[in-house]
Amino acid sequence: MAYSKSEEILKKNSRYIPGGVVSTNRAVNPPIVFQRAEGAYLWDVDGNRYLDYHAAFGPYILGHGDEYVHDAVRRVMDEKKSLFGSGTTELEGQLAELICTAVPFLERIQVLNTGSEATYQAIRLARAATGRSHVIKPQGGYHGWHNDVAYNLMTPLSQVGERRDGDEYPVIPISAGIPEEHRSLVHAVNFNDLSAVERLCQRYPVAAVIVEPILQNIGVVHPKPGYLEGLRSLADRYGFVLIFDEVKTGFRHAIGGYSSISGVTPDLVVYGKAIANGFPIAVVGGKRELMDLFIDTDPARRVLLAGTYNGHPVPTAAAIATIERLMQDDGAGYRHLESMGSRMQEGLHRIFAKAGLTAVVTRQGSAFCQYFMDHAPKDWHDLAANHDFDLDARLRKELLAHGVYFFQLPVKQCSLSVAHTVADVDETLEAMEKALAAVHCVV
């Protein structure tokens with residue numbers, strides 16, 4: 001496919017923006033420039049239409065341009081709602097009550113703008129509450145760009161070394177500019193490795209364990225039975241704060257996210273992305289005694305919370321409307337997502353088996369990922385050692401020619417939306433079969 005207009009725009013933007021993109025993880029090849037979106041579809045500036053399974057890294061659970069959400073946004077603008085920057089607003093209270101009512105273990109929330117801000121605040125709360133400094137995170141988990149968590153995401157095995165069950169890995173930053181002294185406070189372990197977490201709790205004064213309850217930045221890697229329960233037990237035993245980063249899983253898989261599915265209650269939880277169907281907002285919430293550190297009367301214990309755009313009426317209204325939509329008809333949207341996800345997973349398994357490929361498709365509700373290996377990965381080290389990254393990359397690129405957009409980076413999660421139909425899924429499966437043939441897989 002030709003992307004001459006896209007290439008021209010990227011070249012022009014690169015004169016003023018480093019790399020031509022305002023978030024460097026969006027830089028992909030080919031450099032497609034999208035122009036508009038509606039429902040389950042994207043259109044680029046070169047006139048190509050795609051079925052969208054990227055969903056802008058996951059926010060669009062209802063699909064692009066959902067009218068119920070957009071009507072709510074138009075309404076607050078027509079009513080001259082503004083960013084007042086003084087005191088509270090009715091919208092803030094409405095959103096907080098809605099979330100705390102929908103998620104019973106949440107006693108308090110605060111509204112922020114991005115997932116990175118929310119995880120930063122969650123870790124700061126944990127340190128303030130415990131008087132400790134060390135943080136544990138699993139490899140393959142992404143929790144934002146800040147110094148406390150920007151490590152060991154998709155780090156090559158040549159850097160992390162041999163598998164280390166029951167212990168920590170070298171901490172490898174994913175960004176320059178992080179002081180060496182700060183790195184000493186962060187510890188990387190394998191996902192699903194409870195023994196490593198316990199060993200580090202015996203070795204360091206651990207303030208927090210932050211974890212995606214499902215790793216959805218390297219596809220869809222599920223927790224083993226008992227893993228999340230084990231983290232809860234270790235938190236109770238060693239006194240660290242258990243933080244579930246549900247920026248990707250929250251409200252995508254259920255009202256309240258994966259914690260409500262697993263039945264495991266974290267001390268703090270972070271939401272973002274699907275909570276407002278593409279509008280910029282994030283939430284940190286949890287136990288009253290932790291959240292109230294934001295207003296502690298003792299200045300030595302009080303955690304600073306400040307943000308000019310916190311609770312901006314546009315994303316706040318969008319979040320309220322999105323959650324209302326997801327709760328309509330007793331969660332009919334989630335039942336539709338499960339149906340579409342199941343159809344996609346079964347179809348992909350059938351196609352890969354027919355092609356004679358060694359492959360598995362993992363899924364949670366509307367999120368899915370194909371791995372070219374003989375088992376579902378249990379952690380990043382397992383995935384990196386066994387997955388066929390080259391085939392994954394070639395297949396994603398070939399799908400573009402058949403009108404299907406998977407993000408152009410191997411093992412990145414695909415996301416369905418409520419707007420996807422049976423016809424869309426079937427069209428995608430047909431495209432996958434053709435794409436496999438084009439990359440020399442016999443079908």
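Visitor: How do the residues of the lining of the largest cavity divide into nonpolar, polar and charged?
Guide: This is a predicted model. The lining of its largest cavity is made up of Gly 39, Ala 40, Asp 52, Ala 55, Tyr 60, Gly 63, His 64, Ser 417 and His 420. Sorted by type, these residues come to three nonpolar, five polar and one charged.

Visitor: How much space lies in that largest cavity?
Guide: The count of cavities of 30 Å³ or more comes to one. The space in the largest cavity is about 30 Å³.

Visitor: How many residues does α3 supply to the lining of the second largest pocket?
Guide: This pocket has a volume of about 710 Å³. Of the 31 residues in its lining, Gly 87, Thr 88, Glu 92, Gln 110 and Asn 310 are the closest to its centre. Both α3 (90-102) and β4 (108-112) supply at least two lining residues. The largest share comes from α3, and that share is six residues.

Visitor: How do the lining residues of the second largest pocket divide by type?
Guide: The lining of this pocket holds 31 residues. They divide into 13 nonpolar, 12 polar and six charged.

Visitor: Is Cys 201 buried or exposed?
Guide: The relative accessibility of Cys 201 is 11%. Buried means under 20%, so Cys 201 counts as buried.

Visitor: How far apart are the end C-alpha atoms of helix α4?
Guide: Helix α4 covers residues 115-130, which is 16 residues. At 1.5 Å a residue, α4 should span 22 Å. The model agrees with this, as the end C-alpha atoms of α4 are apart by 23 Å.

Visitor: Which residue just after α4 takes a positive phi?
Guide: Within α4, several residues are buried, including Gly 115, Ala 118, Ile 123 and Leu 125. Just after the helix, a positive phi of about 70° is taken by Gly 131.

Visitor: Which strands stand at the edges of the open sheet of four strands?
Guide: The order in this sheet is β1-β2-β3-β13, with mixed pairing. An edge strand has a single partner, so one of its sides is left without a neighbour in the sheet. The strands placed in this way are β1 (34-38) and β13 (404-405).

Visitor: Which residue of β6 stands opposite Pro 138?
Guide: Strand β5 (residues 134-138) runs parallel to β6, with four bridges between them. Both faces of β6 (residues 186-189) are covered, with Val 186 and Ala 188 buried on one side and His 187 and Val 189 buried on the other. The residue opposite Pro 138 is Val 189.

Visitor: How far apart are the C-alpha atoms of Asp 292 and Val 303?
Guide: Asp 292 lies in the loop between α10 (288-291) and α11 (313-327). With a relative accessible area of 23%, Asp 292 is partly exposed. Val 303 is 11 residues from Asp 292 along the chain, and their C-alpha atoms are separated by 8.9 Å.

Conventions. Residues numbered from 1 in each chain as written. Predicted model: local features only at pLDDT ≥ 70, side-chain atom pairs only at ≥ 80, totals over all residues. Heavy atoms only, no water. Buried < 20%, exposed > 50% of the residue type's maximum accessible area, 1.4 Å probe, protein only. 1 Å grid on protein atoms, 1.4 Å probe; cavity = no way out; pocket = protein on both sides within 12 Å on 5 of 7 lines; lining within 4 Å. Points joined across faces, edges and corners; volume = space filled by probe spheres on them. Nonpolar A, V, L, I, M, F, W, Y, C, P; charged D, E, K, R; others polar. Expected span 1.5 Å × (residues − 1). Pairing = 2+ DSSP bridges.
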